[in-house]
Amino acid sequence: MYISIWEIVKKLYEHLSEAKSWTLHNPGGIVLKPLIVGAGVFWLTSCQFFSDSEVLSEEDATSTYQGRITFKQPDQSFVTIFRWLESGSSFQLTLRDRLALGGVRVQGTESHATIEYSNGDKEEDVDLDDWIESNLGISLPFKEMWQCLSLTCKLIDEAKQREYDSYGRLEQFFSNQWTFKFSYKEKDPASTTLKKLEMSKDDTEIRIFFSKFEN
């Protein structure tokens with residue numbers, strides 16, 4: 001199963017366009033905007049966007065990753081805030097814009113999921129393979145990519161070329177024409193906590209910066 005993370009983010013902005021237009025023309029927008037930006041620093045504000053119906057809670061997750069994703073191409077570049085939760089076959093990915101004006105949450109299993117937007121729209125019992133094919137196209141390994149953050153995954157095992165740092169930790173590998181590069185937080189041979197994951201293919205660059213990394 002393959003998915004372009006950025007295509008999800010683009011859908012987020014499409015759903016937010018109407019809401020942002022209202023904010024910019026609302027007389028109180030000038031006052032509210034700094035408050036919203038400040039609130040966006042804290043991940044707990046995400047509870048204001050979505051219902052309480054979670055497939056996976058943070059307490060039950062065996063892997064939790066949080067931070068920001070940057071996307072860059074010659075004609076566009078964007079940033080989104082993210083949180084990824086995973087336990088077994090269940091996952092939850094939440095994406096927010098930097099102003100904390102809204103977001104999108106994708107949660108479920110490898111084959112079926114619920115997609116919920118902060119404006120109230122929801123797609124339930126979605127077959128992700130069909131949804132990705134019809135809405136997002138084929139680009140970047142999705143579930144497998146997140147599994148690789150533990151440095152043990154099918155993509156790494158099947159990679160024909162792997163490179164390691166001076167501590168013997170995996171630093172770079174190549175899969176499906178994508179280059180994956182890991183940067184670690186600690187200069188310690190025993191540390192596998194990631195600071196950053198960089199992915200590139202042709203003129204597309206995606207970087208994931210981690211403020212929380214638990215697995």
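Because the model is predicted, local features are reported at pLDDT of at least 70 and side-chain atom pairs at pLDDT 80 or more, while totals for chains, interfaces and linings use all residues. Residues are numbered from 1 along each chain as its sequence is written, and side-chain values rest on heavy atoms, with hydrogens and water left out.

The protein chain contains five helices and eleven strands, taken as DSSP runs numbered from the N terminus (helices H or I, at least four residues; strands E, at least two). Of its 215 residues, 45% are buried, where buried means under 20% relative accessible area, exposed over 50% and partly exposed in between, with a 1.4 Å probe and protein chains only. Among contacts (heavy atoms within 4.5 Å) that join residues at least 6 apart in sequence, 49% link residues at least 24 apart.

Strand β9 (residues 178-184) includes serine 183, which counts as buried because its relative accessible area is 17%. Leaving out residues up to four places away in sequence, serine 183 touches Leu194, Lys195, Lys196 and Glu198. Strand β10 (residues 194-201) holds lysine 201, a residue that is partly exposed because its relative accessibility is 22%. Apart from neighbours within four places in sequence, lysine 201 is in contact with Asn176, Gln177 and Trp178; lysine 201 and glutamine 177 are 24 residues apart in sequence, with their C-alpha atoms 6.4 Å apart in space.

The aromatic rings come next. The structure holds ten aromatic pairs, meaning rings of Phe, Tyr and Trp (its six-membered ring) whose centres lie within 6.5 Å, with planes under 30 degrees apart called stacked, over 60 edge-to-face and the rest tilted. Phenylalanine 82 and phenylalanine 210 form an edge-to-face pair, at 6.2 Å centre to centre and 80° between the planes. This pair links distant parts of the chain, since phenylalanine 82 belongs to strand β2 (residues 76-87) and phenylalanine 210 to strand β11 (residues 204-214), 128 residues apart. Phenylalanine 210 also pairs edge-to-face with phenylalanine 213, at 5.2 Å centre to centre and 85° between the planes. Phenylalanine 210 is buried at 7% relative accessibility, and phenylalanine 213 is buried at 10%. One aromatic cluster is formed by Tyr65, Phe82, Trp84, Phe91, Trp146, Phe210 and Phe213.
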